[in-house]
Amino acid sequence: MPYRVIQWATGGVGMWSLRRIIDHPDLELAGVLVYTPEKDGVDAGALCGRPDTGIRATTSKEAILACEADVVIHTPKLPDDQDVIDLLRSGKNVISPLSYFAPEIEGPELMARIEQACLAGGASLHGAGIDPGFVCDRLPAVMTGVCAEVTQINMVEVFDCSKHPLADMMFNLLGFSKSPQDIHLDSPGGVYFSQRLFPAVLYKLGRQLGLTVERVEMGDVRFAFATKDFQIAAGKVSEGAIAGLSFTYTGYVEGRPFLTQRWVHHVGQHLGALPPGWRTAPDPEVPFEHGGTPVYEIEVEILGRPTIRNRMLMTDADDPVWPGTAYSLINSIPGVVAAAPGFLEDPVFAPWRAQG
């Protein structure tokens, strides 16, 4: 029997997961939740470039809660905790690329409500994706499995977002083509990214290694400014506006820096629109104008015995990040459906563990 799957939201990641649900022989699309009136009532296939499915999207959360399904692929722009709790109480497992993988971030009150909803509905909640979910939490934890000692872990991820098509994500959430004074960390998106999503990566990694991460601090904020006007898939970036953003997050263990993550995203690399010295991933083997795809670069450094340095490059015919995030969610379905009710964290076999 195929797994019956609901797709919740059809934005940057949701469009790719919806396509994969439709294409996958072991999955059956049960419903689609959308947020905009123009998508309401549209066939799911038309929303993502696939043939008609007979399943029409709805803006009604009540209709989705009433729909019978094994699992919900939950990919809204920002989290609404009550939505997740309602889905779990309705008996549906939930897989999300949002911050639902670090109880420390969610806080004891919210986690208690989530756990109660899981038990009431007999369902599980799992956080998956690329980052979080893989490159800066699962991957370094696995790498430590050959270490007798770990003294520090440093991670860098670099990506050219020029081909991402969603203007709201690129310009409003990520801040491209704005000026630094227009970047507000007290906005809903700013609070979510700076206080929940990225710190949660380090809390999760620390927990997997048996470490108590006392706090996570954001620092070393840098911007790159466009050297000329240029177009990206989402729209126009003006000369002098933000074309690159870099943030560093540091997790402290026993009062000292132990885990660091540097997040570097930019646009216009292929057009020479970034200032000299800005960190970029390798250029694609085929130029963008001839169908080339951006390269997503991840570096992980484990300092210890032995010290390990790993550089991983990801490419895809469309985009290595948002489709890859979607595929991680889809690949999690069998394990999540089979799991006992509750908060489900992906297991890492035999990592290094802090002693004492």
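Glu254 lies in the loop between strand S10 (242-253) and strand S11, where helices (H or I, at least four residues) and strands (E, at least two) are DSSP runs numbered from the N terminus. The phi angle of Glu254 is near 50°, a positive value in a residue other than glycine. Glu254 counts as exposed because its relative accessibility is 73%; with a 1.4 Å probe and protein chains only, buried means under 20% relative accessible area, exposed over 50%, and partly exposed in between.

The model is predicted, so local features need pLDDT of at least 70 and side-chain atom pairs count only at pLDDT 80 or more, whereas totals for chains, interfaces and linings use all residues. Residues are numbered from 1 along each chain as its sequence is written, and side-chain values use heavy atoms, with hydrogens and water left out.

**The six-stranded sheet**

- Six strands form an open sheet of mixed pairing, in the order S7-S10-S11-S6-S12-S13; two strands pair if DSSP finds at least two bridges between them.
- Ile153 has Leu259 in S11 as its bridge partner.

- Strand S1 (residues 3-8) runs parallel to S3, with 4 bridges joining them; the partner of Ile6 in S3 is Val72.
- S3 also pairs in the parallel sense with strand S4 (residues 93-96), over 3 bridges.
- Val72 stands opposite Val94 in S4.
- Together with helix H4 (residues 81-89), S3 and S4 make a right-handed β-α-β unit; right-handed means that, with the strands pointing away from the viewer, the path from the first strand over the helix to the second runs clockwise.

**Trp16**

- Trp16 is part of helix H1 (residues 14-23) and counts as buried because its relative accessibility is 12%.
- Leaving aside residues up to four places away in sequence, Trp16 touches Asp318, Trp322, Pro323, Ala326 and Tyr327, where contact means heavy atoms within 4.5 Å.
- The C-alpha atoms of Trp16 and Ala326 are 5.9 Å apart, although the two residues are separated by 310 residues in sequence.

**Pocket and cavity**

- The largest pocket has a volume of about 930 Å³. On a 1 Å grid over the protein atoms alone, a pocket is an open set of points with protein on both sides within 12 Å along at least five of seven lines, a cavity is a set where a 1.4 Å probe fits but cannot get out, and lining residues have an atom within 4 Å of a point.
- Grid points are joined across faces, edges and corners, and a volume is the space filled by probe spheres set on the points.
- The lining of the largest pocket consists of 41 residues, with Gly12, Val13, Lys77, Met169 and Trp322 nearest its centre.
- Two or more lining residues come from each of H1, S6, helix H8 (167-173), helix H9 (188-208), S11 and helix H10 (322-331), and H9 gives the most, with 4 residues.
- The structure holds 1 cavity of 30 Å³ or more, and the largest cavity has a volume of about 40 Å³.
- Residues lining the largest cavity include Asp160, Gln269, His270, Asp283 and Phe288.

**Backbone geometry in loops**

- The Asp131 to Pro132 peptide bond is cis, with omega near 10°; Pro132 is found in the loop between strand S5 (124-127) and helix H7 (138-143).
- The Arg305 to Pro306 peptide bond is also cis, with omega near -10°, and Pro306 belongs to the loop between strand S12 (296-305) and S13.
- Ser177, in the loop between H8 and H9, has a positive phi of about 70° although it is not a glycine.
- Ser177 counts as partly exposed because its relative accessibility is 25%.
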